[in-house]
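Here are my notes on the model, as numbered points. Please read them with the structure open.

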Amino acid sequence: MLSFNDTPFHPATLQLTGIPGMQTGHAWVALAFCILYLISIIGNLSILTLVIREPALHQPMYYFLSMLSLNDLGVSFSTLPTVLATFCFNYHHVGFDACLVQMFFIHTFSFMESGILLAMSFDRFVAICDPLRYATVLTNSRILAMGLGILAKSFITLFPFPFLVKRLPFCKGRILHHSYCLHPDLMKVACGDIHVNNIYGLFVVIFTYGIDSVFILLSYALILRAVLAIASQEQRLKALNTCMSHICAVLAFYVPIIAVSMIHRFWKSAPSVVHVMMSNVYLFVPPVLNPIIYSVKTKEIRRGIFKVLYKSQS
């Protein structure tokens, strides 16, 4: 639909939906989302607080972990307003411009997470393959530069998206299939030529997820080669154990992405609830699991938690 002066038509608001087929159980869904948000926010804030307060955690590995926790908070807070409005207050509307802003931040934080996981794999590579130079390679200034580089790369790469969406007319309705705004969802209700959006979207996915995942795999191939060269089996297991938390975080992030891609590619006739649930897993699982993974698998984090609990009891 176009207006009389041939400018693209943008609806004042877009309508968000919850989970198809679960309209009668919104109270339980709202409770589940609230629990997930609480675990994510409390868990990641706890990791950040521990890294800041405990001198023993002032090391490159934990600086990267604090970046991951800060980014996971960004993912959670990006989706929180509309998800809680949809499920807790039964308010399903979001302004068009607000939707574009939310879309930008959700995708930016998601792509930043991939870059941070790559940086963490480099940290593990240096720690295992060149331990004597670990402190000189990963200095505070280099870690800061890596963090700012990840931020700049994601921001610059995603910055055109809101403008590419805003140039399109919207004439296929205004109902989105999630409780938050995503670029693919907006493309389903947009009219006009969306080839530029699709091509640029594919480029961004390859430029971020594709390249990052390849270098993460390469890092672990080199790590595995170095570990297998260690004579002592006990030392080999000790070296691999330092990577387990990061491996679990990588799997928690990339497995849902691969699953979403496979469903979109090979199961296009899947019920809409499947697509919505997989998108929810992709956005909600990593921020919830990451603090749990590192709290369980990392001895220094556990020690810091016990130390804080002991002080509070004293």
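1. Start with α2 and α5. In this predicted model, the two helices pack at an angle of about 25°, with their axes 11 Å apart. That angle makes α2 roughly parallel to α5, because angles under 35 degrees count as such. The crossing is right-handed. On the α2 side, the contact is made by P60, Y63, F64 and M67. On the α5 side, N140, I143, M146 and G147 take part. By class, the residues of this contact divide into six nonpolar, two polar and no charged.

2. Next, α1 and α11. Helix α1 spans residues 26-53 and helix α11 spans residues 272-297. Their axes come within 9 Å and cross at roughly 45°. That makes α1 oblique to α11. The crossing of this pair is left-handed. From α1, the contact uses F33, L36, Y37, I39, S40, G43, N44 and I47. From α11, the partners are N280, F284, P287, V288, P291, I292 and S295. The contact of α1 with α11 has ten nonpolar, five polar and no charged residues.

3. S69 lies in helix α2. Is S69 buried or exposed? S69 has a relative accessible area of 2%, so it is buried; the cut-off is under 20%. Leaving aside residues up to four places away in sequence, S69 touches N44, I47 and L48. Of these, N44 and I47 of α1 also take part in the contact with α11.

4. Now the charged pairs. Side chains of opposite charge can pair when their charged atoms come close. How many salt bridges does the structure hold? There are four. Three of them are taken up in the points below.

5. K166 and D97 form a salt bridge, with the closest N and O atoms 3.0 Å apart. The pair links distant parts of the chain. K166 sits in helix α6 (residues 160-166), D97 in helix α3 (residues 96-129), and 69 residues separate them. K166 is partly exposed, at 36% relative accessibility. D97 is also partly exposed, with a relative accessible area of 43%.

6. D212 and K153 form another salt bridge, the closest N and O atoms being 3.5 Å apart. D212 lies in helix α8 (residues 195-228) and K153 in helix α5 (residues 140-158), so the bridge ties together parts that are 59 residues apart in sequence. Which of these side chains is buried? D212 counts as buried, because its relative accessibility is 2%. K153 counts as partly exposed, at 28%.

7. R133 and D130 also meet through their side chains in a salt bridge, at 3.4 Å from N to O. R133 has a relative accessible area of 48%, so it is partly exposed. For D130 the value is 29%, and this residue is partly exposed as well.

8. Last, a backbone point. N90 has a positive phi of about 55°, although it is not a glycine. Where is N90 found? It is in the loop between α2 (60-88) and β2 (93-95). N90 is exposed, because its relative accessible area of 55% is over 50%.

Notes: Residues numbered from 1 in each chain as written. Predicted model: local features only at pLDDT ≥ 70, side-chain atom pairs only at ≥ 80, totals over all residues. Heavy atoms only, no water. Helix = DSSP H or I, 4+ residues; strand = E, 2+ residues; numbered from the N terminus. Buried < 20%, exposed > 50% of the residue type's maximum accessible area, 1.4 Å probe, protein only. Axes fitted to C-alpha atoms, helices over the stretch in contact; angles between N-to-C directions. Parallel < 35°, antiparallel > 145°, perpendicular 65-115°, else oblique. Left-handed = near helix turned anticlockwise from the far one by under 90°. Contact = heavy atoms within 4.5 Å. Nonpolar A, V, L, I, M, F, W, Y, C, P; charged D, E, K, R; others polar.
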